[in-house]
Amino acid sequence: CRSYGYASAFLFAYFTNDGLGQLFEKSSGDSLRHNAHLSGIVLLGTEWKTQLRDAFALLTMWQKIAIVLLRLFWCAVFISALGGFVVLLRNPKHRKYAMVLGLSIGYFSGVTVIAGGLGAGARFRYMIDYQMLIFALFFLYTTVLHIARARTQIQNQNILHRKFYPAFKI
């Protein structure tokens, strides 16, 4: 069961990695490698607190802020992409497009896992970033559209209620 934990942590880290750890490692010129401490797989180990503390000690405040904000952005994209994939799969008109994009994401992710192992970073995900963004934007579009329709429906019910029952206020 622990192997499922490693696989799921790696996949989550793969889909949400921003690549800034590698960028800051190259730009700092420091001989200590903090990039390995910033991966998601570290959280499954027993010494994860000390490793994250050591990694963040090597970064400046702006680098820490950038890493946290971009990681949150890619987490939001990943969760929205999953939602968009589910929404597209439920629509028979768009199901075949969702399957093609979903299989493409699965293929490239599988190849990356086999080729890169647990050390695969954001650079291997560039070929599927646009596909994840398509799913995420479709999910956001359908969510906004659903909220707008619900608000319009509520407003229409209020207007009808006032028309037939003018003495009652909602």
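Mentor: pLDDT is the predictor's confidence in each residue, from 0 to 100. It applies here because this is a predicted model.

Trainee: What pLDDT does the chain average?

Mentor: Of the residues, 67% score at least 70. Where pLDDT is low, the predicted coordinates should not be read in detail. The average pLDDT of the chain is 76.

Trainee: Which element of the chain has the highest mean pLDDT?

Mentor: The secondary structure comprises six helices and zero strands. Among these elements, helix 2 (residues 20-28) has the lowest mean pLDDT, 61. The highest, 90, belongs to helix 4 (residues 61-90).

Trainee: Which parts of the chain does the pair of F85 and F135 tie together?

Mentor: The structure holds three aromatic pairs. One of them joins F85 and F135 edge-to-face, with 5.4 Å centre to centre and 80° between the planes. The partners are 50 residues apart in sequence. Because F85 and F135 lie in separate elements, the pair ties together helix 4 and helix 6 (residues 126-164).

Trainee: What is the angle between the planes of Y107 and F108?

Mentor: Y107 is exposed, with a relative accessible area of 53%, whereas F108 is partly exposed at 26%. Their rings form an aromatic pair at 5.2 Å centre to centre. The pair is edge-to-face, and the angle between the planes is 65°.

Conventions: Residues numbered from 1 in each chain as written. Predicted model: local features only at pLDDT ≥ 70, side-chain atom pairs only at ≥ 80, totals over all residues. Heavy atoms only, no water. Helix = DSSP H or I, 4+ residues; strand = E, 2+ residues; numbered from the N terminus. Phe/Tyr/Trp six-rings, centres within 6.5 Å; stacked < 30°, edge-to-face > 60°. Buried < 20%, exposed > 50% of the residue type's maximum accessible area, 1.4 Å probe, protein only.
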